[in-house]
Structure formats: structure tokens, C-alpha cells
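Here is a short briefing to read alongside the sequence and the model. Let's walk through the core, a helix pair and the ligand shell.

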Amino acid sequence: MSSTPNDETGPDSSTTTTATSATFLGLHMSSVLMLAAILAITLHLVRQMHLSREYPPGPRGFPFLGYLYVLGSPDKRKLFAELRDQHGDIFSFNLGCRLVVVVNGFEAMKQVFVQQGNSFLDRPQVFTFTHVGQGKGLVNSSGEVWKEHRKFTLNTLRSLGIGKSSFAEKVQEELTAFCNILDNTESRDFDPGNAIQTAIANIICSIAFGTRFDYDDPMFVRFLQIFDENMSISGGTALLNFFPVLQHMPGDMFKSRRVLKNVEYVQSYLRTWLDNAKKRFDRENVNDLIDSYFKEMEEKNSNKTFSYDQLLKLVGDLLVGGTETTGTTLRWVIIFLVRWPHVQRKLRQEIDTVYPEKETPTVQDRRRMPYMEATILESQRFADIAPFSVTHTASEDVEVGGKVIPKGSIIIPNIHSVHHDPELWGDHDDFRPERFLDANGEIVRPDYLIPFFMGKRSCPGEGLARMELFQFIATILQRYEIRSAGKGSLPGLKGHVGITFTPFPYNVRFVRRDLPPPEEEEEEGEGAEKAEESNKSDKK
Ligand code: HEM
């Protein structure tokens, strides 16, 4: 039955049959709903247009969906550079239900994360932080939980002597095990990735539990594999931060269920370590981070947020934060030393001068080794392993440069835009440690080198990482010459941009300096020339 204009007079019409009124009611309701939907969409669009004039400029994309193009972009470093050119240092775009604000360049970053830093300390309330990170521990928490756990972590790392000679011995112990692995390769092609990751994870384990694991311990190997898998697949779950409804899709298209299962596995593994530590806890004999935490819990100091679950997350955070980052940096350093062999040669000379009797390199000698220090700084700048740091949110509406960064928006600090800013560095695409040395060969470290980020939420592991990088590189180069793999194939400068920027797997050779070179090895000079030549044509 078709509707007539009369139908719209309403259900009171005396001649209307029951069927007609049902149809009429249905049509009436659907028209009302449609009108309401159109009105809501119009209001939303008008509001968005109005608000977007107040927000930092940028592409707005489709209604409700936002700037989807960013999701398909293979390298966000390039996309953000283009958007910065078009819209300025602070630009924004909508993505699903969120406004994303990207902060570029050193001055803008200082303004947001230092000068107005107190309003940008928190983590956004989105899938990554609320579901994967459970809003607990240190990396994923905000407010009081974050404040107390941050203070505890910094104090404990300090009291354990991180960055000082007492702890340097622990790092050296691990390096002995690591060098055994390299010795066993007998100068053959070898991918050092797994060994590096295990060594660095072991150092965090000594800090957390006072223990280390064998490189072939099956449980530890499995644990690290799960860790690794989550680093590589968790990028896919980022979509759920912007379109949370997708969490409820059947199957596991975004790998979120897999990521959460892995998190559960890691938690249960850590729980057994914690349970054991709890059993042997002796408040008079506190030697590691877990014991310090138990002691704080017992004494009920000012810490109101401490709990077993928070500790579990904190230990996981230190393992994630401290293993992937330092390990990835070391993997890049090895690539750079093979691709720029004159840098490797200079470093070996410096090491041999400071340690003529092949004494064990120790962190106290850092000041006597400016070229080493400069190479570490340049590697951190050039590799830029945390190109977008970790996302923050605004805890209130904040005005920056005449625009409003609204409460709850997702804020991306674009560290890459600083480390590869031609105005700051000039030849930013060249690997040149000398940029950190003055005319007297002394270190100059500009404050716009920010691999550990800036402000109150900067990396608490900086001291440990700098110590590890120094001791690993100095010890490796004292013992080996690192050469390209067979047939002179060079490890590449391209990698995967995820949470960190990681190199693709590669092989190199660690040739013992104290043994005669293997017979079929080409002379260093030959491979070195090839490498220098290749760098000219193979820019990052
Ligand atoms: C070369 C090595 C490292 C680099 C480049 C690095 C870089 C960073 C960056 C960029 C952040 C994010 C700051 C922010 O929230 O914006 C961060 C946070 C963090 N890092 Fe590191 N890191 C390194 C090593 C370490 C180590 C060795 C540890 C372990 C002790 C560690 C533990 C953490 C933790 C727990 C956080 C979260 C801090 C917070 O939310 O308050 N990192 N790191």
C-alpha cells in the first residue's frame, strides 16, 4: 500500500485501517529517523568545520573516517615531512573518532613538551595503552600511577649504580658471553640480531631480578620470540586506537587478539619470576629492582599505587623499553661501521691508543674517547630508531601558537623531523661523526639531539643505554674487525618503520683481530673501498 500526503495528517484519521496505520507509522518513524540522522550529520560536520578552524591546520579527509590516507602511507616520515611543508610545524588531522596532532621541529617540540609539558604528560586512552598496556606500569600509565612508578624507577636505577663502574662490571660479564657467540662464528657470515637482543635483555634481567639466562635457554628463547613477534605485529592494532568498533570484528584481522594473547603469555612468564623472587625476598638484602619494589610495598612509603600487578607491568616495560631500543641501535651501528669503514678504522685506532695492553674498556674512559662518543651520537641521530617517540595526549585544552590542542587528542612527537632537519644539521643524509666534534676534537652535543626525547617523560633508561652502547661497541671493536658478508654484500640502510625503525636482517663477519685472517678473506682495504663507493649511490 502506498502512502498519500493524507497519511501525514497522523494516526487519528477515522478512515485509516490498522494495516494502513502500521505502514504509516513505519514510514513516519523511518522519515523521522532519517531526518534525525541527516540533522546529526549536518551538526557534526558544522561542528567539525568550526572546530577544525580552531585546531592546528591539516588535511581533514572524509567525514567520520578522517584522513585515511595516513593509514596507507608506507613511510610516515615522508608523509609527515610533506604535511609539515604544507601546514607548518604543528599540524593535525582527524582519524576515526580521534584528532591526531603531529608536532615537528625542535622549537615546536620544546614549546609543547617542555614549556607546556605538564599538560602533555599523559598517554591517550586508546587500545594500545588501555588494552595492550592495561594503563599500568610506567610506559602506559598516566597520573598518580605514572608519577610514583617513574620516581621509583629513576631512584632504583640510580641506587643500583647504573652508569657507574659497579654496574659496568655486570655489562662486561654479559659481553664475555656475547663475544663467545661471535668467536664461535669463526669469521663466517652471521646475523648478530638475536645474540644482541639476548645480551641486552639479559642486562635488564640482571637489573630486575639479579639474574641472567643462557643464550640457548629454551624458555628464555621462546620468551624473547614472543616479545619480538609483538613488536612486529602490534603496529597493525594501531587502527583500533582510531576505530575501536573494529575490535569486535570476527576473526583476528588486525592481530589484536594475538597481541593480547602474547601479552598474557609474557605476563604469566614474568609472574613465575616474580613469585620466585617473592619467596626469596629478604628485606635486609635488597639487590635488584624487584626486591626494592617489594620493600617499598612492605614499608608502605608514600606510594599508594604500588601493587603486584603494577610491578608485573613495570618489569615488562623495562624489558620492552630497554631491549628493543638499545638492541636496534647496536644493529644499526654495526651496519654503519661496515658501510663507513674509515669510521671503524678511526675507532679501532682510538681504542688501541687508550687501551694499549688490551685492557677491558670501561665506561669511565668515555671522556678519553671523543671519536667513540661522536660515533654513538651520530648513530643515534642517523638511525633515528624511535622516529615518533611514544604518543602523548593533552590532559586539557591547550593553546599553542594561536591554535587549540584539544583535551584527549593523540599527540605524535616527530623526532625524525628534528634529527633530519637540514636547517639544523646541513648534510643530514650523511653519516659523519665529526659533526659532534669541535676544532679541538672535543665533543659538542647540541640540545636538538633528542633520541631519548625531552621533558618530564623522557627516557628513564638513557644512562643505561649510553653505557651499554659504549661498552658493546668498544669491546667488539677491540676484539674484531667487522667486515661485510661473503662476496662483499653490504647490509642495507633501509628498514621497517614501526614503533621503532629496525634494519632488515643482515649478515656480516666478525674477524678476530688477534688471529691471522681467514685465508679466503679479502683485504680490508678492498671491501672498504667498495663500501665507501656504495654509500655515495645508496642514500637512506
Ligand atoms: C638507545 C636506547 C633507547 C632509546 C633511543 C630510547 C628512547 C625512548 C623514547 C623516545 C621514549 C619515549 C618518551 C616519551 O614518552 O615520549 C622512551 C621511554 C621509555 N624508555 Fe627508553 N630508550 C632507550 C633505552 C631504554 C632503556 C635501556 C630502558 C630501560 C631501563 C628504557 C626504558 C624506557 C621506559 C620505561 C620508557 C617510558 C617512560 C615513561 O613513560 O615515563 N629505555 N625511551
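**The nonpolar core**

Ile290, Val315 and Ile473 touch the most other members of the largest nonpolar core, which has 114 residues. Such a core is a set of buried Ala, Val, Leu, Ile, Met, Phe, Trp, Tyr and Cys residues joined through C-beta atoms within 7 Å, where buried means 20 or more other C-beta atoms within 10 Å of a residue's own, with C-beta atoms placed from the backbone. α13 provides the largest share of this core, 15 residues; helices are DSSP runs (H or I, at least four residues) numbered from the N terminus.

This is a predicted model: local features need pLDDT of at least 70, side-chain atom pairs count only at pLDDT 80 or more, and totals for chains, interfaces and linings use all residues. Residues are numbered from 1 along each chain as its sequence is written.

**Around isoleucine 290**

- Leaving aside neighbours within four places in sequence, Ile290 is in contact (C-beta atoms, placed from the backbone, within 7 Å) with Ala208, Phe209, Leu274, Ala277, Leu311 and Val315.

**α8 against α13**

- Helices α8 (residues 193-209) and α13 (residues 308-339) have axes 9 Å apart and pack at about 145 degrees; axes are lines fitted to C-alpha atoms over the stretch in contact, and angles run from 0 to 180 degrees between N-to-C directions.
- Residues making this contact include Ile204 and Ala208 of α8, and Val315 and Gly322 of α13.

**The ligand shell**

- Gly321, Gly322, Thr325, Cys459 and Gly461 come nearest among the 25 residues around the ligand, counted when the C-beta atom, placed from the backbone, lies within 6 Å of it.
- α13 gives the most to this shell, with seven residues.

Note on methods:
Helices (H or I, at least four residues) and strands (E, at least two) are DSSP runs, numbered from the N terminus. Two residues are in contact if their C-beta atoms, placed from the backbone, lie within 7 Å. A residue is buried if 20 or more other C-beta atoms lie within 10 Å of its own, exposed if 12 or fewer, and partly exposed in between; C-beta atoms are placed from the backbone.
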